[in-house]
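Notebook open, model on screen.

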Amino acid sequence: MVRARQRAYVRAVFLVDIAMITLAVLGGYFVRFGGLSEQFGGGAPRDSRPYALIMVGLGLVWLVSLKLMRSYDPRLLGYGVDEYRRVAAATIRLAGAIAIVGYVVDLGVARWFLVLSFALGLVGLVVGRYGARKWLHHARKRDGAWSRQVLVVGDAVHINELVATLRREPYAGYHVVGACIPDALIAPVPQRLGDVPVVGSFRTVLEAVESTGVDTVAVTTSGELTAIRLRRLGWQLEGTGVDMVLAPALTDVAGPRIHTRPVAGLPLIHVEAPEFRGGRKLVKGFFDRAFALVALTLALPLLVAIAIAIKLDGRGPVFFRQIRVGMSGKEFGVFKFRTMVVNAEEVLAQLKARNETDGLMFKMRDDPRVTRVGRFLRRYSLDELPQLVNVLLGQMSLVGPRPPLPREVARYDGDVARRLLVKPGITGLWQVSGRSDLSWEDGIRLDLYYVENWSLTADLAILWKTLGAVIASRGAY
């Protein structure tokens, strides 16, 4: 059932790609030769080249390029940024190949037609894939038939950790239905690990697969699962249509940092160190400042309107400057629109007993210190717009961990202090995953994941998700 739905989803994604490519080439033709042709080099084609056939041919080659980049691999669809990366790579490489061929051989095809088609197609393909993914995520949350049915094999501690990790992100599509534990721990009465039933032991994995009807066996860490046992389990699953995946104890490491290499018959997992310097960091810094400058320029009328609203709402300054801790522990003043009463810090001591978070931060859903205008600004994160100035000054990034207060940093342990290895961000995984609705532990986990696995592609994905999170005002108070 699950495999049938996976194939149906792949076909649906393929049809979405066809629709987006069709719209792209038609849009490129219309803009180049139609209503906007004067801005792009003239009117209708001056030669007799059959542009209808050219557009069909371009669309077919584009689809082949997507296929060659394995952008229809079911293992990549619906989760992570690798799907988008492959779509973009297929489009850009095809555009580059056609440009090179066109330079060597005169194709006689209008350059602006190709440029516009590829530009529209790149955006359309990414948006189409995003829409398909959101539909799949909703389907997985609503109906378990869209998720892989998983049998987990390992010891109790690691099974519980894996189950908790998979349930944290149900849209990833792994639904645990049973567990197999070491033979010595099997009891004559029904057992459960949390709410996961124990359906067998290491010796009866195949029988458990048949009784539960799962399509995936996830093997986690256990001292009794030797290499010989794992190899035999793989042999037993051959021809059954059931996938076997290994879930090592290594967690919160993104795919681009992991490389599996066979060495002496062993599939060794090489984990690259996080990158905190180098060319990618320079590109990220340039992108941050360029984006911040453009955003501040475009948002200037909105900034003026917000400043007037704050002044009309009551006495006090328009801006609020607070000391935060940035990269390498350097303190700086973060800029925000003032959303609280002037004596907010003095009132805080009286409200600490009503703190609704479980960590070092103070969060309160109906904080009496927040002004009327401030409540609206916080709901849509408009109070954070002045932080674009901090980005221009190089103190913050567009995407990164939440900028902590000095009193929070003073209580950091060694692990949490790794958040200070990169610049704090205006937005980040914490914002697109729930903001104030997150527990302290989950917020720290997301920040550390970003620090270890940041990439320019991930930054763009987070910025895109931030727009949806702000509009929906999830976890904002």
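This is a predicted model: local features need pLDDT of at least 70, side-chain atom pairs count only at pLDDT 80 or more; totals for chains, interfaces and linings use all residues.

**Entry 1: α2 and α3.** I asked which residues of α2 meet α3. On the α2 side I found L58, V61, W62, S65 and L66, and they meet V87, A90, T91, L94 and I98 in α3. Sorted by class, that contact has eight nonpolar residues, two polar and no charged ones. Next I checked the geometry: the axes of α2 (residues 51–68) and α3 (residues 82–104) come within 9 Å and cross at roughly 130°. That angle makes α2 oblique to α3. I noted the crossing of α2 and α3 as right-handed.

**Entry 2: α9 and α11.** Here the axes of α9 (residues 300–313) and α11 (residues 372–379) come within 8 Å, crossing at roughly 150°. Angles over 145 degrees count as roughly antiparallel, so α9 and α11 are roughly antiparallel to each other. I listed I306, A309, I310 and D313 from α9, which meet R372, V373 and L377 of α11.

**Entry 3: T427.** I found T427 in strand β12 (residues 425–427). Is T427 buried or exposed? Its relative accessibility is 3%, so I logged T427 as buried. Setting aside neighbours within four places in sequence, I see T427 in contact with L398, V399, G400, V432, I462, L463 and T466. With T466 there is also a side chain to side chain polar contact from T427, at 2.7 Å.

How values were computed. Residues are numbered from 1 along each chain as its sequence is written. Side-chain values use heavy atoms; hydrogens and water are left out. Axes are lines fitted to C-alpha atoms, for helices over the stretch in contact, and angles run from 0 to 180 degrees between N-to-C directions. Helices (H or I, at least four residues) and strands (E, at least two) are DSSP runs, numbered from the N terminus. Angles under 35 degrees count as roughly parallel, over 145 as roughly antiparallel, 65 to 115 as roughly perpendicular and the rest as oblique. Contact means heavy atoms within 4.5 Å. Buried means under 20% relative accessible area, exposed over 50%, partly exposed in between (1.4 Å probe, protein chains only). A polar contact is a pair of N or O atoms within 3.5 Å; within protein, one must be able to donate a hydrogen and the other to accept it, and residues adjacent in sequence count only if both atoms are side-chain atoms. A crossing is left-handed if the near helix is turned anticlockwise from the far one by less than a right angle, and right-handed if clockwise. Ala, Val, Leu, Ile, Met, Phe, Trp, Tyr, Cys and Pro count as nonpolar, Asp, Glu, Lys and Arg as charged, and the others, Gly among them, as polar.
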